[in-house]
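Q: Could you take me through this model one feature at a time, giving me the general idea before the particular case?

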Amino acid sequence: MTPTDKPQSPAASPARREFLRQGGLAAAGALVLAGGLTLVSRRPAAARTPALAGAQGLPARVYTGPYDTKEPMSALGDITGYNNYYEFGLDKSDPARNAGTLKTRPWTVQIGGLVRKPQTVDIDTLQSWFPLEDRLYRMRCVEGWSLVIPWMGFPLAALLRRIEPGSGAKYVQFTSLADPAQMPGVQGAVLNWPYTEALRLDEAMNPLTLLAVGLDGKVLPNQNGAPLRLVAPWKYGFKNIKAITHITLTAEQPRTTWSIAAPDEYGFYANVNPAVDHPRWSQASERRIGELSRRPTLPFNGYGEQVAALYSGLDLRRNF
Ligand SMILES: Nc1nc2c(c(=O)[nH]1)N[C@H]1C(S)=C(S)[C@@H](COP(=O)(O)O)O[C@H]1N2
Ligand SMILES: [Mo]
């Protein structure tokens, strides 16, 4: 079992949707806001079907910060409708259909392991500790597709500084909720639940690494990992664990869900690397959801300037 080997139904094919969307290109227009600011719509008006209107409008925020990609944001309908979240099913459309009923309040996060200030904290308290930032990041799934997603959250580093890693701490482990009553996928043995992931402490401290609580200025949709989700944009999407309930600092490298499921295919690091193919497919290029042709995949998903130094001296073929 892998994150990918699912055939895709033609109805859900992004290529087909994009084909329909192209027909509306001529209708792309400009919106004049009350303040006189003019924004050019990034998407053709015709693509905003009645059912998705509102969900697929203009970006709610402006993304011009030092960490923001200058690439256009993906359609919100794709970001919130084309997901991987096996707790809610294996098809890309399952999370949007099934995750709506997940109860994200009240929600507590247990912070423990090798920290000076272990604690169990309510999600609303946790997110009130930090100013929330908007970040427009690329996301590259190991399956060979990608999106540009407008996250809202706070740097994981800010949380780590607050809880104070103990002297022996070298890794940060994350655990997802695994509630079979709320998550139909957890009733099956697809993966060994709960889903877990981990970063090295220096990766976790990198300013790019976010804990997201929102998307395009609104509360994170459940299918995207509400109420708390990791975002490390230079790594394959599967590192970006959703619905986090535990954050645990450890001395040893934790085992992670996908590397347990298929150790030859999914390593601990999972840095986006076009030069290291998946055993069953090339990683040299990717399909940006919403575009017709493939584009080359960039080393570290284009974030090499910020993160390559973390791996100096490490053989990235062995440590894939
Ligand atoms: N708990 C949990 N987190 C998860 C997954 C999952 O199945 N369960 N899928 C991962 C994979 S493979 C990807 S590509 C991203 C997808 O994030 P998105 O649906 O918000 O685009 O979530 C990751 N986080
Ligand atoms: Mo993925």
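Q: In which loop does Gln283 lie?
A: A word of caution comes before the case, since this is a predicted model. Gln283 lies in the loop between α7 (257-261) and β13 (285-288).

Q: Is Gln283 buried or exposed, and how far apart in space are Gln283 and Gly144, C-alpha to C-alpha?
A: Burial is judged by relative accessible area, and a residue counts as buried when that value is under 20%. Gln283 has a relative accessible area of 2%, so it is buried. In sequence Gln283 and Gly144 are 139 residues apart, yet the C-alpha to C-alpha separation in space is 6.6 Å.

Q: What does the side chain of Lys92 make a polar contact with, and is Lys92 itself buried or exposed?
A: Lys92 has its place in the loop between α2 (76-79) and α3, and at 14% relative accessibility Lys92 counts as buried. The side chain of Lys92 makes a polar contact with the side chain of Glu143, at 3.0 Å.

Q: Which strands pair with β9, and in what sense do they run?
A: Strand β6 (residues 145-155) and β9 pair in the antiparallel sense over five bridges. Strand β11 (residues 229-231) is joined to β9 by three bridges, and these two strands also run antiparallel. Strand β10 (residues 218-219) is joined to β9 by two bridges, again with an antiparallel run.

Q: Which residues stand opposite each other in these pairs?
A: Pro155 stands opposite Leu210 in β9, while Leu211 stands opposite Leu230 in β11. In β10, Val219 is the bridge partner of Gly214.

Q: How many residues lie between β9 and β10 in their hairpin?
A: There are two residues between β9 and β10, and Asp216 in the turn has a positive phi of about 50 degrees.

Q: Where else do residues other than glycine have a positive phi?
A: As a general rule, most residues other than glycine have a negative phi, and most peptide bonds are trans. Glu164, which is not a glycine, has a positive phi of about 60 degrees; its place is in the loop between α5 (156-163) and β7, and with a relative accessible area of 27% it is partly exposed. Asn301 has a phi near 55 degrees, also a positive value; Asn301 lies in the loop between β14 (295-296) and α8 (304-307), and at 2% relative accessibility it counts as buried.

Q: Which peptide bonds are cis?
A: Here omega is the angle to read. The bond from Arg105 to Pro106 is cis, with omega near -10 degrees, and Pro106 lies in the loop between α3 (94-98) and β3 (108-113). The bond from Trp193 to Pro194 is also cis, with omega near -5 degrees, and Pro194 is found in the loop between β7 (171-176) and β8 (196-200).

Q: Where does ligand 1 sit, and which residues come nearest?
A: Ligand 1 sits in the largest cavity, and of the 16 residues around it, Asn83, Tyr86, Glu87, Arg229 and Lys242 come nearest. A backbone N or O atom of Tyr86 lies 2.8 Å from an oxygen atom of ligand 1. A polar side-chain atom of Glu87 lies 2.7 Å from a nitrogen atom of ligand 1, and a polar side-chain atom of Lys242 lies 2.7 Å from an oxygen atom of the ligand. Taken alone, ligand 1 exposes 530 Å², and the protein buries 99% of that.

Notes
Residues are numbered from 1 along each chain as its sequence is written. Chains are lettered from A and ligands numbered from 1 in the order in which they are written. This is a predicted model: local features need pLDDT of at least 70, side-chain atom pairs count only at pLDDT 80 or more; totals for chains, interfaces and linings use all residues. Side-chain values use heavy atoms; hydrogens and water are left out. Two strands pair if DSSP finds at least two bridges between them. Helices (H or I, at least four residues) and strands (E, at least two) are DSSP runs, numbered from the N terminus. A residue is near a molecule or strand if one of its heavy atoms lies within 4 Å of it. A polar contact is a pair of N or O atoms within 3.5 Å; within protein, one must be able to donate a hydrogen and the other to accept it, and residues adjacent in sequence count only if both atoms are side-chain atoms. Accessible areas come from the Shrake-Rupley method with a 1.4 Å probe; for residues, only the protein chains shown count as cover. On a 1 Å grid over the protein atoms alone, a cavity is a set of points where a 1.4 Å probe fits but cannot get out, and a pocket is an open set with protein on both sides within 12 Å along at least five of seven lines; lining residues have an atom within 4 Å of a point. A molecule sits in a cavity or pocket if more than half of its atoms lie within 2 Å of its grid points. Buried means under 20% relative accessible area, exposed over 50%, partly exposed in between (1.4 Å probe, protein chains only).
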